[in-house]
Amino acid sequence: LVVIALAVWLSFIRHTRTIRKQVESSIAEAKCIINCSADGIITTDVSGVITRFNLAAETLFAYKEANVIGESILILFPEEKQEECARILEATVKDNNENMLHSHELMANNADGKVFPLNLTVSLVKEQGEPVFQIMCRDISARKVAELSSQKSQRMMEFLLQTSPVVFYTCNPDGNLPIIFVSPNVEKVLGYKPEEITSASAFWPRHIHPDDIELVHSSRLQKHKGDHAELEYRLKLPDGSYRWIADNRVTVTDDDGQPNLMVGCWTDIHDKKVAEDALVEKQDHLRISLKCAKLLTWEWHINSGKITWFGNLRETLGFDHERLAYFDGFSAIAHPEDVDDLQLAFKHCLIQDESLDHEYRVVGPDKSVRWIHLAGELINDDTGSPVKMAGILSDITSRKQLRVATPVAKRQAV
């Protein structure tokens, strides 16, 4: 019996040693895992006194484990945040739910006094039957900087969309091109609230001027990636009036090359179009007036020698614009006896910075001779150097002939 009892006792001893070694091995493995973690891991008792402090925590807070063991975890937080940290621990205890994670963000400080944002994950676990706090810490400074940058970009984008004179929109490329998104500044530019446009199933057909609707419909044929359209049309406003809009749009395709989105922007060009129409009308009136008065206006670009003509050049001088597009060609049609005087007149104006006022003869393609009166003014750049001359050319042949005929008629009468 003694031998049997001794054998049982020895077996128990060996089993106990095996279990102890397994426990020690598990503890060593757990410590190794904790120390290899990229996150700071801190263990405290339920009162917040630090009992373990891994290597990542040492790096994060610039404290050595030996210097914080037995200290309150509150030393890792600024004074104004310590109460918040204490409340987090108290709330975790009151929850009394083991292994449940509680995540929080608050400011921490390290041994050097540097304050930084921290993500704190707290769980209540049991070690050897006693409740302890297992706390994971992660520096979120980079994330906070990225979030702040993103928020600034978002605010800047919102500001631009609110204040920009350009309205941005996206629409489905199918059907009546239903608008999915329109920037909020559309109300300021066109008078519509964004939801009035996005909720309308047929905004385009109902709001584009009838004379312009075909132009917009034709742009729907663009179905390939990068297809770009630049349109100008009249859009109806809430008060029933129309305004000219410039619409620049591009088609976006999916991975299969199928169109799935159209992105565009509206720009109010109404005042520009009205001014252009008024300018065209004035130019028409000027052209008619010049024709009736048998006048031409011209601009001579001194550096290039190019001459731009306005009016009926062929009717007045008998030549087309191409023949007289440059100064050399223009001076070449002068009467041979008047060429030198003409060139000297222009040279005198350039040197003396004076107005041009010169009469001379030109020889037409049919060899007929006409008297011309040329008047012009120099136009200087910001430095005072002449860059071009502009003026009027008139056919004074009839007046010259009248001056010659009058004395003859008087002598004949005598």
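Trp300 sits opposite Met389 of strand 15, in a predicted model. That pairing belongs to a stretch where strand 11 (residues 295–301) and strand 15 (residues 386–395) run antiparallel, joined by 7 bridges. Trp300 also turns up in a cluster of linked aromatic rings. Taken as a whole, the chain has 14 helices and 15 strands, and 34% of its 414 residues count as buried.

**Around strand 11**

- Strand 11 has another antiparallel partner in strand 12 (residues 307–310), with 4 bridges between them.
- In that pairing, Glu299 faces Thr308 of strand 12.
- Strand 11 and strand 12 make a hairpin with 5 residues between them. Look for Gly305 in the turn, where phi is positive at about 80 degrees.

- Strand 4 (residues 115–127) and strand 5 (residues 130–139) are antiparallel and share 10 bridges. Two of the facing pairs to look up are Ser123 with Gln134 and Thr121 with Met136.
- The hairpin of strand 4 and strand 5 leaves 2 residues between the strands, and Gln128 has a positive phi near 55 degrees there.
- Strand 5 also pairs with strand 1 (residues 40–45), again antiparallel, over 6 bridges. Thr44 has Phe133 of strand 5 as its bridge partner.

**Helices on that sheet**

**Aromatic rings**

- How many aromatic pairs does the structure hold? The count is 15.
- In one of them, the ring centres of Tyr192 and Phe203 are 5.7 Å apart and the planes stand at 85 degrees, so this pair is edge-to-face.
- Tyr192 is in the loop between helix 6 (186–190) and helix 7 (194–198), while Phe203 is in helix 8 (residues 203–207), so the pair ties together parts 11 residues apart in sequence. Both Tyr192 and Phe203 are buried.
- The cluster that includes Trp300 is built from ring pairs linking Trp298, Trp300, Trp309, Phe327, Phe330, Phe346 and Tyr360.

**Charges over rings**

- Arg249 is over the face of Trp204, 5.0 Å from the ring centre.
- Lys400 does likewise with Trp371, at 4.4 Å from the ring centre.

**Cysteines**

- If you were hoping for disulfides, the count is 0.
- The cut-off for a disulfide is 2.5 Å between the sulfur atoms.
- Cys137 is buried, at 2% relative accessibility. Cys349 is buried as well, with a relative accessible area of 2%.

- Leu261 belongs to strand 10 (residues 259–268). Is Leu261 buried or partly exposed? Its relative accessible area is 25%, so Leu261 counts as partly exposed.
- Beyond its neighbours within four places in sequence, Leu261 is in contact with Thr170, Cys171, Pro173, Ile180, Val250, Thr251 and Val252.
- One of these, Pro173, is 88 residues from Leu261 in sequence, with 5.8 Å from C-alpha to C-alpha.
- Across the chain, 43% of the contacts with a separation of 6 or more are between residues 24 or more positions apart.

Definitions and conventions:
Residues are numbered from 1 along each chain as its sequence is written. This is a predicted model: local features need pLDDT of at least 70, side-chain atom pairs count only at pLDDT 80 or more; totals for chains, interfaces and linings use all residues. Side-chain values use heavy atoms; hydrogens and water are left out. Rings of Phe, Tyr and Trp (its six-membered ring) pair if their centres lie within 6.5 Å; planes under 30 degrees apart count as stacked, over 60 as edge-to-face and the rest as tilted. Buried means under 20% relative accessible area, exposed over 50%, partly exposed in between (1.4 Å probe, protein chains only). A charge sits over a ring if NZ of Lys or CZ of Arg is within 6 Å of the ring centre and within 35 degrees of the ring normal. Two strands pair if DSSP finds at least two bridges between them. Contact means heavy atoms within 4.5 Å.
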